[in-house]
Amino acid sequence: QIFVLQLFKTLHRTRQQVFKNDARALEAARIKINEEFKSNKSETSPKKIEELIKIGSDVELLLRTSVIQGIHTDHNTLKLVPRKDLLIENVPYCDAPTQKQ
């Protein structure tokens, strides 16, 4: 039960970081997270609970590492607003490698 509550809180914290300053996305994500947990609150099968926790953890990881905010600046222009941690985690290649200490 503690893992479920921990996952619930983690998903909401991630939602607040990923959709920062976007009231519509924040609200939609809040509703979706709450609905998913509410619809499965009476689940008693340990196997099913474990599966649901895995799905929730995967969703949190996907949101944290793959979602980039976009802001409409014109009718045909979108400005991307990547978070700093997102850029660091997804660097596939570095022209100037740093020395490990």
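Modeller: The model is a predicted one, and the values below are computed from it. For orientation, the protein contains four helices and two strands, which follow one another along the sequence in the pattern α-α-α-β-β-α. Of its 101 residues, 17% count as buried, and the protein exposes about 8600 Å², with carbon and sulfur atoms supplying 58% of that area. Among the contacts between residues at least 6 apart in sequence, 46% join residues at least 24 apart.

Helix α2 covers residues 23-39, and its 17 residues should span 24 Å at 1.5 Å a residue, which agrees with the 24 Å that separates its end C-alpha atoms. Which residues of α2 are buried? They are Leu 26, Ala 29 and Ile 33. Seen down the axis of α2, these buried residues fall within an arc of 70°, so they line one face of the helix. On the face of α2 turned away from the buried side, the exposed residues are Ala 23, Arg 24, Lys 38 and Ser 39.

The buried residues of α2 pack against α1, which runs over residues 2-18. Helix α1 has 17 residues and reaches 24 Å from its first C-alpha to its last, close to the 24 Å expected at 1.5 Å a residue. Its buried residues are Leu 7, Leu 11, His 12, Thr 14, Arg 15 and Val 18, and they cover an arc of only 165° around the axis, which puts them on the same side of α1. The cover over these buried residues of α1 includes α2, α3 and β1 (69-72).

The loop between α1 and α2 holds Asn 21, a residue with a positive phi of about 65° although it is not a glycine. Asn 21 counts as exposed because its relative accessibility is 74%, and the cut-off for that term is over 50%. The loop between α2 and α3 holds Lys 41, which also counts as exposed, here because its relative accessibility is 66%. Lys 41 and Val 4 are 37 residues apart in sequence, and their C-alpha atoms are 9.6 Å apart in space.

In α3, the buried residues are Gly 56, Glu 60, Leu 63 and Thr 65.

The largest pocket has a volume of about 740 Å³, and of the 25 residues that line it, the closest to its centre are Leu 7, Glu 36, Phe 37, Asn 40 and Leu 52. The elements that give two or more residues to this lining are α1, α2 and α3.

Key. Residues are numbered from 1 along each chain as its sequence is written. This is a predicted model: local features need pLDDT of at least 70, side-chain atom pairs count only at pLDDT 80 or more; totals for chains, interfaces and linings use all residues. Side-chain values use heavy atoms; hydrogens and water are left out. The expected span of a helix is 1.5 Å times one less than its number of residues. Buried means under 20% relative accessible area, exposed over 50%, partly exposed in between (1.4 Å probe, protein chains only). The arc is that of the directions from the helix axis to the C-beta atoms. Contact means heavy atoms within 4.5 Å. Accessible areas come from the Shrake-Rupley method with a 1.4 Å probe; for residues, only the protein chains shown count as cover. On a 1 Å grid over the protein atoms alone, a cavity is a set of points where a 1.4 Å probe fits but cannot get out, and a pocket is an open set with protein on both sides within 12 Å along at least five of seven lines; lining residues have an atom within 4 Å of a point. Grid points are joined across faces, edges and corners, and a volume is the space filled by probe spheres set on the points.
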